[in-house]
Amino acid sequence: GQKSVGAPPSRRNVGKSMTMEDFGFLKGTVWSFDDTWTGAGAECISEVGLEKTLNKDGLRYKMNKTSEEAAKCEPLFGLPGFTVNLPLIGETYLGPPRVDSVWEALGFTATSNNEARQNEKIKAIEKARMAKDGVRGGEGASIRSKWLEKYGYPRLVGSGGIFYADQLSSDKEPMGGFNMGKSGTIWPVPESVAKGQYGGSKGWGMKKTGPAVDGLPKVDM
């Protein structure tokens with residue numbers, strides 16, 4: 001007779017599932033992933049968390065209206081919508097978007113440049129102009145006059161003076177790009193933007209009448 005002997009079934013015991021990309025080896029150090037899941041920066045681990053965090057400051061995520069802005073709009077075409085509580089996902093709105101027009105729903109007129117974002121750009125412009133620190137902890141705005149006298153130009157990059165405030169048609173006031181007092185137009189722009197160009201507050205006129213990004217006083221030659 002014949003006797004067959006089968007191999008015993010293999011068993012795999014998993015004691016603990018991996019929960020962190022660094023396997024916990026770097027836990028408690030500055031190189032760990034601790035704050036990825038809890039603490040500062042944890043909201044960036046998911047799109048929903050990031051959107052909610054931006055919305056708290058009135059900022060839009062991916063050109064979508066904030067929850068507060070959307071609440072002021074009726075559902076598109078007056079179609080009904082409802083909120084359901086889905087497993088794992090939680091409270092979810094199902095229905096047409098709350099936007100100003102079908103063009104915004106399709107993305108043609110959607111923008112992230114709401115008033116809150118414009119205010120943030122203005123703050124960033126001022127922060128660059130009055131920077132206290134430069135690269136590698138060096139001098140900030142205070143070094144610009146020294147460089148201007150010694151080399152003929154202010155040290156903007158090294159003194160924290162560079163921030164590009166993108167100029168958009170939805171801006172209520174001109175943003176000025178790098179705010180170095182330059183002008184130019186390729187496409188038609190709104191009146192508020194046009195007034196800021198050339199001799200205006202954000203064009204070459206700012207070199208004489210307005211505060212350019214270097215923050216230095218102007219001298220008539």
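This is a predicted model: local features need pLDDT of at least 70, side-chain atom pairs count only at pLDDT 80 or more; totals for chains, interfaces and linings use all residues.
Residues are numbered from 1 along each chain as its sequence is written, and side-chain values use heavy atoms, with hydrogens and water left out.

The protein chain contains eight helices and two strands, arranged along the sequence as α-α-α-β-β-α-α-α-α-α; these elements are DSSP runs numbered from the N terminus (helices, H or I, at least four residues; strands, E, at least two). Of the 221 residues, 27% are buried (under 20% relative accessible area, 1.4 Å probe, protein chains only). Among contacts (heavy atoms within 4.5 Å) with a separation of 6 or more, 39% join residues 24 or more positions apart.

Pockets were located on a 1 Å grid over the protein atoms alone, as open sets of points where a 1.4 Å probe fits, with protein on both sides within 12 Å along at least five of seven lines; lining residues have an atom within 4 Å of a point. The largest pocket has a volume of about 930 Å³, the space filled by probe spheres set on grid points joined across faces, edges and corners. Its lining comprises 24 residues, with E51, K65, S67, A70 and Y93 nearest the centre. Two or more lining residues come from each of α2 (47-56), α3 (67-71), β2 (90-94) and α4 (102-106), and α2 gives the largest share, four residues.

Technical notes: Buried means under 20% relative accessible area, exposed over 50%, partly exposed in between (1.4 Å probe, protein chains only).
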